[in-house]
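Reader: I'd like to learn how to read salt bridges in a structure like this one. Can you walk me through it?

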Amino acid sequence: MSIDKSLYEAPQGLGALPESDSIEVEIVDPEAVDISGPGFHMHMEKQEADFDANLAEVMDENVLKSLAYDLLEDVEDDMRSRKDWLDIYIKGLKLLGLKYEERSEPWPGASGVFHPLLMESAVKFQSELIMETFPAAGPVRTEIIGKETPDNRQAAQRVEADMNYTLTEKMVDYRPEHERLLLATAISGNAFKKIYFNPALDNPEAPFIPAEDIIVPYGATNISTAERITHRMRKTKNELRKLQVAGFYLDVDLGDPVRVMDEVEKQKAEEQGFSASMDDRYQLLEMHVDLDLEGYEDVDKHGEPTGIALPYVVTIEKGTSTVLAVRRNWKEEDKLKLRRQHFTHYGYIPGFGFYCFGLIHLIGGHTHTATSLLRQLIDAGTLSNLPGGLKAKGLRVKGDDTPIAPGEFRDVDLPSGAIRDNILMLPYKEPSQVLMGLMDKVVADGRQFAATADLNVSDMSANAPVGTTLAILERVLKVTTAVQARIHYTDRKSTRLNSSHV
């Protein structure tokens with residue numbers, strides 16, 4: 001092979017090189033040749049990034065654009081597959097009755113009250129579970145597996161004290177987020193908790209994530225084995241900038257946020273009395289997905305690519321389709337390269353697929369019926385107390401047709417005859433006792449199904465054996481106990497994830 005000797009002198013400046021002929025070098029044993037010298041360095045392989053580094057900083061821009069296009073298309077397919085679930089969820093949110101409805105049908109001012117059955121059941125569930133899962137001393141309890149010794153007992157006490165201190169003192173938002181999670185779990189049947197270390201705050205976090213912000217493919221059965229998990233996040237301009245400066249996201253200019261809101265966000269905002277026109281925040285899609293990235297392929301013991309997709313976390317700003325981060329999502333020492341879990345799924349009643357059933361699904365129909373019956377009863381009382389009717393064309397009531405106040409008398413001009421001959425009252429009835437009984441029956445069935453019916457202790461015999469009383473209590477509370485056990489099981493998984501980030 002021919003090597004120009006000017007390469008050896010290049011660091012001195014190309015203009016200072018003397019003119020000379022090239023030399024011929026014949027290499028007999030290539031493996032025994034060591035090419036080195038002052039200022040000379042040859043890269044035989046591309047430089048590897050740190051294991052925890054943001055690979056988006058070293059990946060080709062065209063590769064990132066192609067990756068963003070493919071992943072965004074997959075997320076759109078996932079969102080379309082759950083459209084019917086979202087429609088049911090949106091209709092159920094309207095039954096919460098957090099905002100009084102101004103109605104113009106069947107007449108302006110008709111009753112717009114909602115029966116509180118759905119919200120009552122959710123609040124009772126939340127109140128019971130927060131005391132059950134978050135006592136004053138802290139939510140963590142340790143258990144010694146195997147033989148108990150003074151050393152491991154003290155170690156368990158130290159772990160318990162440290163975890164409870166972290167969750168109650170360092171993570172100041174842990175309990176409020178947990179309460180929001182329990183309410184959402186009861187209403188929609190699903191809520192999520194994300195465990196991660198926040199570099200902007202230098203502290204672990206475990207925020208509540210509503211069900212509509214976790215998107216999974218059709219056919220997924222649980223959060224651990226889902227092919228793709230997409231967390232839709234909202235970040236203000238300043239929050240995003242902090243993460244960029246901290247090196248968590250790629251430092252690129254994204255311009256102004258694209259102001260969009262989906263139907264669930266709009267309905268939630270309206271229920272709380274907020275304007276639901278637009279949201280002035282960036283929408284980030286953090287996707288936990290398996291990928292076979294070019295240049296970062298999985299290889300076997302011989303160094304050959306296996307074609308196996310490895311777990312990554314890819315974050316994309318949806319408005320501009322910009323990839324902000326690509327990070328490995330397995331532990332460096334893990335030879336199996338298993339996906340690290342950051343989410344825990346809280347469910348109310350397990351369903352047929354990924355999403356669980358909540359009170360919206362279980363007693364949403366009861367709440368809708370009870371609301372309709374309650375409005376009919378109120379409107380019937382209104383019509384009975386202030387009835388309308390027909391009057392003769394020539395009859396004139398001074399003060400027009402405004403309602404007559406108690407104790408008020410008005411003058412009228414009669415065309416002829418008596419007043420009763422010129423006015424016909426429509427036959428409105430008092431609120432029906434049949435409708436009242438039907439509403440009570442619907443509400444009682446809904447409360448019993450939601451396991452929120454109160455046990456009337458006074459109806460029980462004072463001479464009943466203790467065992468019988470306990471058996472009745474256990475039977476009445478069986479559904480509630482099962483849901484609580486489900487929440488305890490998920491809390492245990494969440495605490496384990498949290499301990500790995502402390």
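Predicted model: local features only at pLDDT ≥ 70, side-chain atom pairs only at ≥ 80, totals over all residues.

Reader: Which residue does Arg228 pair with?

Author: Its partner is Asp78, with the closest N and O atoms 3.0 Å apart. Arg228 sits in strand E8 and Asp78 in helix H2, so to speak distant parts of the chain, 150 residues apart. Both Arg228 and Asp78 are buried. There's also a network: Asp74, Asp78 and Arg228 are linked by salt bridges.

Reader: What about Glu286, and what does its salt bridge tie together?

Author: Glu286 pairs with Lys194, and their closest N and O atoms are 2.5 Å apart. Glu286 belongs to strand E9 and Lys194 to strand E3, so this pair ties together parts 92 residues apart in sequence.

Reader: Are those two buried or exposed?

Author: Buried means under 20% relative accessible area. Glu286 has 6%, so it counts as buried, and Lys194 is buried too, at 5%.

Reader: Where do Lys337 and Asp298 lie?

Author: In loops: Lys337 is between strands E11 and E12, and Asp298 is between E9 and E10, so their pairing ties together parts 39 residues apart in sequence. The closest N and O atoms of this salt bridge are 3.1 Å apart. Lys337 is partly exposed, at 26% relative accessible area, whereas Asp298 is buried, at 10%.

How values were computed: Residues numbered from 1 in each chain as written. Heavy atoms only, no water. Salt bridge = Lys/Arg side-chain N within 4 Å of Asp/Glu carboxyl O. Helix = DSSP H or I, 4+ residues; strand = E, 2+ residues; numbered from the N terminus. Buried < 20%, exposed > 50% of the residue type's maximum accessible area, 1.4 Å probe, protein only.
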